[in-house]
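Hi,

Here is the structure I promised to pass on. Have a look at it first, and then read my notes below.

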Amino acid sequence: MKVYLDNAATTQLDPEVLEAMLPLMTEQFGNPSSIHSYGRAVRSSIERARKSIAGILNAAPAEIFFTSGGTEADNTAIRSSIETFGLKHAITSRIEHHAVLHTLEHLKKLGVIELSFVNLNAKGEVDLEHLDALLASKPRSLVSLMHGNNEIGNLLDLETAGDICEKYDAIFHSDTVQTMGHYRHDLQKLKTNFIVGAAHKFNGPKGIGFLYVRPGIKINPFVHGGAQERNMRGGTENIYGIVGLAKALEIAYRDMDAHQQHIEGLKGRMIGKLKDGIEGVTFNGNSGELGKSLYTVLSVSLPPSDISDMLLFNLDIAGIAVSGGSACSSGTDIGSHVLNELRIDENRANVRFSFGKYNTEAEIDYAAETLIGLYKKESIIL
């Protein structure tokens with residue numbers, strides 16, 4: 001049996017999305033910057049997609065800018081706002097995605113900004129009182145805090161964080177890559193200046209994302225070289241990606257309630273089986289608490305065992321695809337910066353299961369029973 005439980009890394013393309021994209025890959029091939037009928041037809045497809053995304057998020061089409069994905073969108077929000085507004089100070093957390101963390105650390109190294117880190121508790125929750133204190137001492141800073149952590153599933157209270165940022169005239173950017181398409185975002189109510197999305201996290205195509213820029217915020221472009229995206233992002237548009245992104249978000253919102261109920265059931269089933277089957281199992285961050293974490297993510301911490309070093313390999317041999325942390329860190333041996341920040345015992349093996357709408361109860365049972373079986377065959381070191 002083959003089981004894919006790494007949906008936080010990427011998701012399977014929805015057949016409805018592929019169907020929407022195919023005409024843009026074949027007969028509708030014009031350059032959207034061309035003024036002839038081929039170009040105009042494609043331009044219309046892009047603008048319909050933009051209008052659809054804006055309508056879903058309760059925003060205006062002019063506030064949506066297409067990018068190559070979440071990383072570019074994060075970089076654009078961070079680097080362009082710092083440059084445009086002459087910001088000298090930024091606040092983030094030590095468990096952000098590297099698209100945010102490495103960008104801010106690079107700007108600090110160049111001497112462009114000072115960088116402060118908001119306190120986290122033992123579960124990895126952001127201390128919003130400390131955020132308030134940091135902004136009280138240095139208002140008009142850039143604040144970049146993710147909505148849902150891709151490794152441990154912790155959720156940020158965007159409303160409260162936004163209120164704090166507004167009080168101190170701060171620029172608030174939130175990496176919403178893991179929550180976009182899984183939670184509803186009403187951008188008329190949220191006080192975020194920037195949020196982002198990446199289609200492949202909600203059953204859309206890879207290589208396409210978007211940046212939302214709140215009205216009244218005008219930033220310089222990050223990618224130069226053309227007048228595309230209303231002079232905000234040079235380069236010929238990823239036409240079929242844009243159409244696929246819009247379709248994927250439409251489907252995600254259409255079916256969100258049913259999918260959330262289904263996926264939460266799978267996560268709860270996995271939690272129950274692992275608790276019953278492995279003595280000493282724990283869950284990192286808030287991921288083991290339904291309702292307090294991303295319903296798509298479960299970060300499992302396993303007791304020390306002879307099999308710990310080869311756990312992911314053995315699961316892969318059994319046909320189960322999971323992650324040991326963030327997929328963006330695969331191939332490195334430095335470990336997860338998120339788990340390191342939470343001071344997880346280095347002798348414990350950590351597995352991230354992340355669930356999607358195509359997973360089944362039978363797959364959850366097989367994955368849980370396989371993991372339990374691996375531990376029962378080996379001596380657990382207590």
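The buried residues of H6 are covered by, among others, helix H5 (128-137), strand S5 (142-144) and strand S6 (171-174). One thing to keep in mind as you click around: this is a predicted model.

So which residues of H6 are buried? In this helix, which runs over residues 158-167, they are Leu158, Ala161, Gly162, Ile164 and Cys165. If you look down the axis of H6, these buried residues fall within an arc of 160°, so they line one face of the helix. On the face turned away from that buried side you'll find Glu166 and Lys167, which are exposed.

Now zoom out to the whole chain. How many helices and strands does the protein chain have? There are 12 helices and 12 strands. The C-alpha trace spans about 70 × 55 × 35 Å along its principal axes. A compact globule with 382 residues would have a radius of gyration near 21 Å, and the protein chain agrees, because its own value is 21 Å.

The chain exposes about 16400 Å², with carbon and sulfur atoms supplying 52% of that.

Contacts are worth a look too: of those between residues at least 6 apart in sequence, 74% join residues at least 24 apart.

Last, the charges. The protein chain carries 37 positive and 46 negative side chains, and the centres of these two sets lie 5 Å apart.

Cheers

How values were computed:
Residues numbered from 1 in each chain as written. Predicted model: local features only at pLDDT ≥ 70, side-chain atom pairs only at ≥ 80, totals over all residues. Heavy atoms only, no water. Helix = DSSP H or I, 4+ residues; strand = E, 2+ residues; numbered from the N terminus. Rg over C-alpha atoms; globule rule 2.2 N^0.38 Å. Contact = heavy atoms within 4.5 Å. Areas by Shrake-Rupley, 256 points an atom, 1.4 Å probe, with all protein chains shown as cover. Lys, Arg positive; Asp, Glu negative; His and termini not counted. Charge placed at Lys NZ, Arg CZ, Asp CG, Glu CD. Buried < 20%, exposed > 50% of the residue type's maximum accessible area, 1.4 Å probe, protein only. Arc of directions from axis to C-beta.
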